[in-house]
Amino acid sequence: MSENSRLSCSEETQINMANALKMLMQAKPFSKISVTDITNACNIHRQTFYYHFSDKYELLEWIVFHELIEPVINEFSLDNMYQRIEELFSIMADQPKFYQSALRISVDDLSRYIGNVAVEKISAVLTAIEKDNGIDSDKSSHETMCELLGYGICGIIITWAQHGMKDSPKAMTEKIKTIVDSCKKVAVYRALSSSYDK
């Protein structure tokens, strides 16, 4: 068997375990689900589970990364930023019970992780905006704006999920777009004011 085949088989096993956990979480609380429940649901040995994951929490994190975070951050840029953000909301809205449960289980870890990813991606987007508008931002101001937007967007996403995902993905994306556009205007204004003062 080739290396690629082995990797494909491994990934298929991980996906099967992920689907089993999500199915089980539809029926009972995460705290009541055991590794044995997961392995029985997808007909694998316990040793196979522990080959891939140390516990059910690591499997949960794997699902969130591979199904929610990875598709969104792939080739994330200024041009597709709002499309990617709407995709994130849509993925969560398609599986509301799972993502609401996931946030209740490890809200601090997930919010910190999503926030850090958001800050990293927003930094690249702000760099492009600054370049397009001739803004010579100092490192401290740039980092502050990235943290403000990154963790702010993360907070909006989590609050939306915790409050029942009542607004549509499109409506939530528009809210974030309004915030980012306002910050962009402030940054441009500050850059122009600074240039006049020199």
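Contact here means heavy atoms within 4.5 Å. With that in hand, among the contacts in the protein chain between residues at least 6 apart in sequence, 67% join residues at least 24 apart.

Before you start clicking: this is a predicted model, in which local features need pLDDT of at least 70 and side-chain atom pairs count only at pLDDT 80 or more, while totals for chains, interfaces and linings use all residues. Residues are numbered from 1 along each chain as its sequence is written, and side-chain values use heavy atoms, with hydrogens and water left out.

**Stop 1: the whole chain**

Show the protein chain as a cartoon and you will find eight helices and zero strands. Read from the N terminus on, the elements run α-α-α-α-α-α-α-α. Helices (H or I, at least four residues) and strands (E, at least two) are DSSP runs, numbered from the N terminus.

The protein chain exposes about 11,600 Å², and carbon and sulfur atoms supply 51% of it. Accessible areas come from the Shrake-Rupley method with a 1.4 Å probe, and for residues only the protein chains shown count as cover. Of the 198 residues, 38% count as buried. Buried means under 20% relative accessible area, exposed over 50%, and partly exposed in between (1.4 Å probe, protein chains only).

**Stop 2: the core**

Select L21, I38, L59, L68, M81, M92 and Y99. In the largest nonpolar core, which has 55 residues, these touch the most other members. A nonpolar core is a set of buried Ala, Val, Leu, Ile, Met, Phe, Trp, Tyr and Cys residues joined through side-chain atoms within 4.5 Å. Colour the elements that give two or more residues to this core: α1 (3-27), α2 (35-42), α4 (56-73), α5 (81-94), α6 (96-132), α7 (139-162) and α8 (169-197). The largest share, twelve residues, comes from α6.

Stay with M81 for a moment. Setting aside residues up to four places away in sequence, M81 touches F76, I122, V125 and V180.

**Stop 3**

Two packed helices are described by the angle between their axes and the distance between the axes.

The crossing of α4 and α5 is right-handed. A crossing is left-handed if the near helix is turned anticlockwise from the far one by less than a right angle, and right-handed if clockwise. Show side chains for E67, L68, P71 and V72 of α4 and for R84, E87, L88, I91 and M92 of α5, which make the contact.

**Stop 4: α4 against α6**

On the α4 side, select Y57, L60, I63, V64, F65, E67, L68, I69 and I73. They meet F98, Y99, A102, I105, S106, L110, Y113, I114, V117 and K121 in α6.

**Stop 5: W160**

Next, go to helix α7 and pick W160. At 6% relative accessibility, W160 counts as buried. Leaving aside neighbours within four places in sequence, W160 is in contact with F89, M92, A93, M165, K166, D167 and M172.

**Stop 6: T13 and Q14**

Move to helix α1, where you will find T13 and Q14. T13 is buried, with a relative accessible area of 16%, and Q14 counts as buried at 16% relative accessibility. Not counting residues up to four places away in sequence, T13 touches T48 and H52, while Q14 touches H52, F53 and W62.

**Stop 7: two loop residues**

Most residues other than glycine have a negative phi, and most peptide bonds are trans. Select N43, in the loop between α2 and α3 (46-52): its phi is positive, near 60°. N43 counts as exposed, at 72% relative accessibility. Finish at E75, in the loop between α4 and α5. E75 has a positive phi of about 55° although it is not a glycine, and at 63% relative accessibility it counts as exposed.
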